[in-house]
Amino acid sequence: MKVLDLDLVTNEVARLCIEANYFIGSDVLNKIKECQKTETSELGKVILSQIIENDEIAAKDNVPMCQDTGLVVVFLEIGTEVKINGDIYSAVNAGVAKGYKDGYLRKSVIRHPLDRVNTQDNTPAVIHTKLVPGSDKVKIIVAPKGGGSENMSTLKMFKPADGVEGIKKFVVDSIKNAGGNPCPPIVVGVGIGGNFERCAELAKEALLREIEDVNPDPIAAALEAELLKLINDTNVGPQGLGGKTTALAVKVETQACHFASLPVAVNLNCHAARHKEVTL
């Protein structure tokens, strides 16, 4: 059984925090460049060009793509053949503190939602943990989430009779109401099923997928394609100033649910779509 080095966890989390904020994913950048060529709004073209330039400067000069360097969300996939001597959550939070100090990243986390006092090191992170049977690996995904996009999240407990049409209207209305707040072009994560809290997790997990991938479930895949078209027909456009590039992609994740329920959550990523991962 492999023993996990918690110092390695701390150092890798620190590195991923910095890289997620400095370096846009190549899949995302390529998609933005593709959309810039096909955007019909002249102002939209200019905005997309500025986003591309901003991301290239950030990567070249090792600086954040955005001043809002986010609250850190960490997804841990821990193999059941891994032995952990100590507290992996403390190791993760130590990595967040180190990364945000060493990378000169803005500390945005407050200790209590009502007294609003800054923790000064961007901890604690929000950590989701999954056990992987038979594996001796630990996968760490770091996904810093800015306030602008996160604040535009929505969740609704539908009646099953509302069906797919109700879901589509809800998602599109969420994007219209968000306008420029989540810094479009966005990546849209949609979670359907589970229960109240699980559909929100599904929506956030959906944002970790590659821009060009397609859900292997044909029902979800068809909904992804239809929603992307509907969203890009809203004319919200880049930064909410009009155009056909409102979303770069829509990702739908589903899970079994109670027969009396139809939970749906929408979680948005800004155009930076920040997340980096490592397997130890």
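Here is a walk through the core, the pockets and the aromatic pairs of this structure. It is a predicted model, so local features need pLDDT of at least 70 and side-chain atom pairs count only at pLDDT 80 or more, while totals for chains, interfaces and linings use all residues. Residues are numbered from 1 along each chain as its sequence is written, and side-chain values use heavy atoms, with hydrogens and water left out.

Let's start inside. In soluble globular proteins, nonpolar side chains tend to be buried together. Here the largest nonpolar core has 25 residues, and Val 9 and Ile 140 have the most contacts inside it. Such a core is a set of buried Ala, Val, Leu, Ile, Met, Phe, Trp, Tyr and Cys residues joined through side-chain atoms within 4.5 Å; buried means under 20% relative accessible area, exposed over 50%, and partly exposed in between, with a 1.4 Å probe and protein chains only. The elements giving two or more residues to this core are α1 (6-22), β2, α4 (88-102) and β5, and α1 supplies the largest share, seven residues. Helices (H or I, at least four residues) and strands (E, at least two) are DSSP runs, numbered from the N terminus.

Now for the gaps. The largest pocket has a volume of about 400 Å³. A pocket, on a 1 Å grid over the protein atoms alone, is an open set of points where a 1.4 Å probe fits, with protein on both sides within 12 Å along at least five of seven lines; its lining residues have an atom within 4 Å of a point. Grid points are joined across faces, edges and corners, and the volume is the space filled by probe spheres set on them. Of the 18 lining residues, Phe 75, Glu 77, Lys 130, Glu 205 and Leu 208 are the closest to the centre of the largest pocket. Two or more lining residues come from each of β2 (71-79), β4 (126-132), β5 (138-145), α7 (196-206) and β8 (247-257), with α7 giving the largest share, five residues. By class, this lining has six nonpolar, three polar and nine charged residues. (Ala, Val, Leu, Ile, Met, Phe, Trp, Tyr, Cys and Pro count as nonpolar, Asp, Glu, Lys and Arg as charged, and the others, Gly among them, as polar.) Domain 1 (2-20 + 65-145) and domain 2 (147-273) each give at least three residues to the lining of the largest pocket; the domain bounds come from an automatic or database domain assignment.

The second largest pocket has a volume of about 320 Å³. Among its 15 lining residues, Leu 71, Ser 108, Val 109, Lys 145 and Gly 147 are the closest to its centre, and β2 and α5 (147-150) are the elements that give two or more. The lining of this second pocket divides into four nonpolar, five polar and six charged residues.

Tyr 22 and Phe 23 are edge-to-face, 5.9 Å centre to centre with 85 degrees between the planes. Phe 158 and Phe 170 are also edge-to-face, at 5.5 Å and 80 degrees. Phe 158 lies in strand β6 (residues 154-158) and Phe 170 in helix α6 (residues 163-178), so this pair ties together parts 12 residues apart in sequence.

Note on methods. Rings of Phe, Tyr and Trp (its six-membered ring) pair if their centres lie within 6.5 Å; planes under 30 degrees apart count as stacked, over 60 as edge-to-face and the rest as tilted.
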